[in-house]
Amino acid sequence: MKKNYMILFLTLFPLLFFSCDTVNSITSSVRSTANSISNTANQTTKTIEDTQSAINDVKKTTEKAQNTTKKKNNK
């Protein structure tokens with residue numbers, strides 16, 4: 001239990017030496033970075049979905065072409 005309090009103290013104690021402006025600046029920076037990461041993740045997800053859709057379109061077109069070729073070869 002003492003170990004947990006010591007870790008908490010060592011983690012929070014340095015914050016006493018920062019001004020409120022510094023803490024706000026750090027918080028703002030962290031929030032901005034988190035938003036940037038979230039936006040990048042959303043863009044990546046959209047790109048993956050678009051790519052999957054394009055792959056499905058190519059598959060459908062290929063199947064149609066193969067069916068057309070089969071019909072022509074059967075005649």
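Below are my entries, starting with the overall fold.

**Overall.** I'm working from a predicted model here. I counted secondary structure and got two helices and zero strands in the chain. Next I checked how spread out the chain is: the radius of gyration comes to 28 Å, well over the 11 Å that the globule rule gives for 75 residues, so the chain is more spread out than a compact globule. The C-alpha trace spans about 85 × 35 × 10 Å along its principal axes.

**Surface.** How many of the 75 residues count as buried? I got 0%. The chain exposes about 7,100 Å², and carbon and sulfur atoms supply 60% of that.

**Nonpolar patch.** I looked for nonpolar patches on the surface and noted one made of Tyr5, Leu8, Leu12, Leu15, Phe18, Val23, Ile26 and Val30, with about 730 Å² of accessible area together. Helix H1 (2–12) and H2 are the elements giving two or more residues to this patch. I then picked out Ile26, which is found in helix H2. Ile26 has a relative accessible area of 43%, so I put it down as partly exposed.

**Charges.** I searched the whole structure for salt bridges and found one. Lys46 pairs with Asp50, their closest N and O atoms being 2.9 Å apart. Lys46 and Asp50 are four residues apart in helix H2 (residues 20–74), so about one helical turn separates them. Both partners are partly exposed: Lys46 at 46% relative accessibility, Asp50 at 40%. Last, I compared the mean positions of the 11 positive and 5 negative charges of the chain, and they are 10 Å apart.

Notes:
Residues are numbered from 1 along each chain as its sequence is written. This is a predicted model: local features need pLDDT of at least 70, side-chain atom pairs count only at pLDDT 80 or more; totals for chains, interfaces and linings use all residues. Side-chain values use heavy atoms; hydrogens and water are left out. A salt bridge is a side-chain nitrogen of Lys or Arg within 4 Å of a carboxyl oxygen of Asp or Glu. Buried means under 20% relative accessible area, exposed over 50%, partly exposed in between (1.4 Å probe, protein chains only). Patches are made of residues with over 30% relative accessible area and no salt bridge: like charges are joined within 9 Å, nonpolar side chains (Val, Leu, Ile, Met, Phe, Trp, Tyr) within 5 Å. Accessible areas come from the Shrake-Rupley method with a 1.4 Å probe; for residues, only the protein chains shown count as cover. The radius of gyration is taken over C-alpha atoms; the globule rule is 2.2 Å times the number of residues to the power 0.38. Lys and Arg count as positive and Asp and Glu as negative; His and the chain ends are not counted. The place of a charge is taken as NZ of Lys, CZ of Arg, CG of Asp or CD of Glu.
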